[in-house]
Amino acid sequence: MKKILSYIAFTIIIIVSIALLNLTMMAKAATADHVVISEIQTSGGTGKTTDEFIELYNPTGTAVSLNGWSLVKKTATGNDYVLIADFGGKSIPANGFFLAAHPTGYAGVVAPDAVYSTTNSISDNNTVLLLDSSQNSIDEVGWGTATVSEGTAAANPAATKSLERKAKSDSTADYMIDGGRDYFAGNGEDSGNNQNDFIIQATPEPQNSLSEPEFVTAAAPTVPVTNVNSAPLIPAPVTANTNNTNLNANTATMPTNQRPVSTDTLVPTPRVFDYSKKVFINEALPSCAGPDDACEFVELVNNDDHPIQLAGWSLTDQKTIYYFSDSAVIDVGEFLVIDHQMSKITLNNTGDTLYLIDPAKAIVHGVTYGKAKEDVSFSRTDDGQHWQWTAAITAGGTNEFSEEEDSSAVAPVSAVTTAGLSAEQSTAEMAVSQDPTVVDILGITESLIGKTVIVSGQVDSISGRSFYVVDEEGNSIRVYVSKKPGLETLPVKAGDTVTITGEVSKTDAGLRIVPRSKDDIVVAPPESAGAEGQVLGTETTADTIVIPQRQSSSQAVMYIVAAGAVTIGAVAVYIWKTRAKEK
């Protein structure tokens, strides 16, 4: 009995010791337990002073809702300016990122999850504050001579460079780049001192909610992790292969995706990826007379001037994500059919949205369709600007339409035209303003002050009596609605596709459009996007995209497993030694 009690006491001592050791290690770690500001670029250089972004990182194992949260900048003199008034219903994934960027100046290839709801801009000697829905400060980063910061302010990042939060207290710029020790270790270092927690990164690498989650709570896999089609899940690269070196449809070879193991952390093998903005979703068949899973397919087409290697590319309906194999190639002018058996993507008969995503996690192309009929495919017309249902199912071939179908083809809702206005409304507008000008948002300059213009786009955010309209390229314009009959409340909501007619004016906050009556604000019917096939592209923000996340073991589970193994081993050794002495 005494020996058994001794064994039990010894085991308890071992477990308590390991637990205390783990607690000590965790206490020494400065990893944040909340969303942090992880990377900031303030300028893209000469002529690109508003090429800026603010990246957030979630170091926890649970997605965090940003509903009601806001981003605010504070100048060195203490004045506050709103950057994002409200993130709306967006969220940041577990161990993942969220990208906010300037609405007109940002020039990065990674699509922002949200653009500023104002035209305010960050610069040297500023502070950025992340506030929750109760206006509590979740995180703040000051740089230069900022008067507000956590501890000492970080250094001002030079133009084209960024401030990046460390993964660990001893992380360096070299450790944090692709191939470095801490590249996949997150951006969670938070000692309460901005100067100590941030480094200057020579090559900024903005990441969004579609970017690869970091391997923070578990080691990166040493063999390729596979999805349903056994295609490797590949980390987002830093640089694109723009010249297609060594990428040939017949002889293409790709570096191994095996990640080498070290005693400290895992360093990924650099990969070379192929990129293109001319690979499109071309046809989709959601429904057929037989079982849907036996006939559904999505077809891509390559309209570029060279073969495109699809290693690292993916296709998703926001519920299931399909990763193309390293050997997948689309030759010039050719088609690639992905059926349900390959992708496991289920195309909803009631309507769905598909996105084609490149290795940098940027949306290359996408389409939304409405209610589907049996044995009718949703197909892209030759001009690339229209979509139409057609009974001619042409998997792997050129899309075909009957004359009747061709005549009913319609343009995407997002096109900047006067198509959103009825004939009666167009006539009324012309009567009020003898020369309304249809313009792109980017074309609204001071030369148009006092003139009547027509613009189209999507409502990005609402603030008081104003709302911001964003076009497909991310350019935005403020629309101010004065209280007039029929306009006591704003007739729009975030996400609406609208056509606005109004006079261009200028205030201290910049240029704006002022509609004159309720007829100047035309909202596209909700069903039109599905019926007409709204075409999406790289400029489309990922504000509604939810990509299935891979699951990784938590650090707590690792500690428990390790502690259990050590304890069992210690008890076994103790029993063995005790019995040896008795003999």
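Gly105 lies in the loop that runs between strands β7 and β8. The model described here is predicted. With a relative accessibility of 18%, Gly105 counts as buried, because the cut-off for that class is under 20%.

**Around Gly105**
- Setting aside neighbours within four places in sequence, Gly105 is in contact with Thr50 and Asp51.
- Gly105 and Asn475 are 370 residues apart in sequence, yet their C-alpha atoms are 8.2 Å apart in space.
- The loop between β7 and β8 that holds Gly105 also holds Tyr106, a member of an aromatic pair described next.

**Aromatic pairs**
- A pair of aromatic rings is described by the distance of the centres and the angle of the planes.
- The structure contains 9 aromatic pairs.
- One of them joins Phe53 and Tyr106 in an edge-to-face arrangement, with 6.4 Å from centre to centre and 80° between the planes.
- Phe53 belongs to strand β2 (residues 53–57), while Tyr106 sits in the loop between β7 (97–101) and β8 (114–115), so this pair ties together parts that are 53 residues apart in sequence.
- Phe53 and Tyr106 are both buried.
- Phe87 and Phe98 form another edge-to-face pair, at 5.4 Å centre to centre and with 85° between the planes.
- Phe87 is in the loop between β5 (80–84) and β6 (91–92) and Phe98 is in strand β7, so the pair ties together parts that are 11 residues apart in sequence.
- Phe87 counts as buried at 2% relative accessibility, and Phe98 is buried with a relative accessible area of 2%.
- Elsewhere, one aromatic cluster is made up of Tyr369, Phe378, Trp387 and Trp389.

**Charges over rings**
- Lys73 places its charged end over the ring of Tyr81, at 5.4 Å from the ring centre.
- Arg380 has its charged end over the ring of Phe280, and here the distance to the ring centre is 4.1 Å.

**The disulfide**
- A disulfide is a covalent bond between the sulfur atoms of two cysteines.
- Searching the whole structure gives 1 disulfide.
- Cys288 and Cys295 form a disulfide in which the sulfur atoms are 1.8 Å apart.
- The torsion about the S-S bond of Cys288 and Cys295 is about -95°, so the disulfide is left-handed.
- Both of these cysteines, Cys288 and Cys295, are buried.

**Strand β29 and its partners**
- Strand β29 spans residues 510–514 and is mostly covered, with 4 of its 5 residues buried.
- Strand β27 (residues 476–480) pairs with β29 in the parallel sense, over 2 bridges.
- Strand β28 (residues 497–507) runs antiparallel to β29, and 5 bridges join these two strands.
- β28 and β29 form a hairpin, and 2 residues lie between them.
- Which residue of β29 is the bridge partner of Val479? That partner is Ile513.
- Ile513 in β29 is also the bridge partner of Val504.

Methods: Residues numbered from 1 in each chain as written. Predicted model: local features only at pLDDT ≥ 70, side-chain atom pairs only at ≥ 80, totals over all residues. Heavy atoms only, no water. Phe/Tyr/Trp six-rings, centres within 6.5 Å; stacked < 30°, edge-to-face > 60°. Buried < 20%, exposed > 50% of the residue type's maximum accessible area, 1.4 Å probe, protein only. Lys NZ or Arg CZ within 6 Å of the ring centre and 35° of its normal. Disulfide = S-S within 2.5 Å. Contact = heavy atoms within 4.5 Å. Pairing = 2+ DSSP bridges.
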